[in-house]
Amino acid sequence: MNKTITYLLRKVEAKYGQRPQTPGMFDMLALDIKKTCGQPISASTLKRVWGYVQSTHEPSLETLSLLARYVDSHDWNEFRQTCSESGFINRPVITADLIPMGQLLRLSWQPDHHCVVEHQGDGLFLVKHSEGSKLSVGDTFHSEIMGVGLPLYAHDLVHNGIKHKLYVAGAHSGLQDIVKIGRWEE
């Protein structure tokens, strides 16, 4: 199986929360895909894709596109483009030089992680509020570019008084939402 398909399967597993390994797990994954995408897929197809049942054929384009939609890509072609080791990013991004000093941003990523950060200037952000994240109130980090669907790379993070080189939020699915908000009330 090629590396891009394997990567897609790992992303599906991350979204589903586990690697399917039993017939019941494949049934539940099929139901979750139908619920998420509105299109059915059989558990037997999933078993073949994961190699639980032997198959001599690669997954169909339709199956790969459905799995790609499940992990928030438009289709298989878009997923492949976003997985290549280099390429153009054609989605909106926010660059730190365009964020006013004092601007608050609410960042969200899976599963139910949220934080509010305040731009201190020059790409430095201060965490004002955090839910479900490893980031803590008072942490600071630098980030030059943020975008929905892209991981947040926070470098030179100072977390609980200890400096770390890099922290990644939303490593698999990217940020789910970036919202400019008003003043943070303590």
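Tryptophan 76 and phenylalanine 79 are three residues apart in helix α5, so about one helical turn separates them. Helices here are DSSP runs of H or I with at least four residues, strands are runs of E with at least two, and both are numbered from the N terminus.

Colleagues, this is a predicted model, in which local features need pLDDT of at least 70, side-chain atom pairs count only at pLDDT 80 or more, and totals for chains, interfaces and linings use all residues. Residues are numbered from 1 along each chain as its sequence is written, and side-chain values use heavy atoms, with hydrogens and water left out.

I begin with the aromatic residues. The structure holds five aromatic pairs; rings of Phe, Tyr and Trp (its six-membered ring) pair if their centres lie within 6.5 Å, and planes under 30 degrees apart count as stacked, over 60 as edge-to-face and the rest as tilted. The rings of tryptophan 76 and phenylalanine 79 are stacked, because their centres are 6.0 Å apart and their planes are at 20°. Both residues are buried, that is, under 20% relative accessible area, where exposed means over 50% and partly exposed in between (1.4 Å probe, protein chains only). Phenylalanine 125 and phenylalanine 141 are also stacked, since their ring centres lie 5.7 Å apart with planes at 20°. The former is in strand β4 and the latter in strand β5 (residues 140-142), so the pair ties together parts 16 residues apart in sequence.

I turn now to the helices. Helix α1 (residues 3-16) packs with helix α5 (residues 76-83) at an angle of about 100°, their axes 11 Å apart. Axes are lines fitted to C-alpha atoms, for helices over the stretch in contact, and angles run from 0 to 180 degrees between N-to-C directions. The contact (heavy atoms within 4.5 Å) involves Thr4, Ile5, Tyr7, Leu8 and Lys11 of α1 with Trp76, Phe79, Arg80 and Cys83 of α5. Of these residues, Tyr7, Trp76 and Phe79 form one aromatic cluster.

Finally, the backbone. Most residues other than glycine have a negative phi, and most peptide bonds are trans. What kind of peptide bond joins glutamine 110 and proline 111? The bond is cis, with omega about -15°, and proline 111 sits in the loop between β2 (104-109) and β3 (113-121). Aspartate 122 has a positive phi, near 55°, and is exposed at 77% relative accessibility. Aspartate 156, in strand β7 (residues 152-159), has a positive phi of about 55° but is partly exposed, at 25%.
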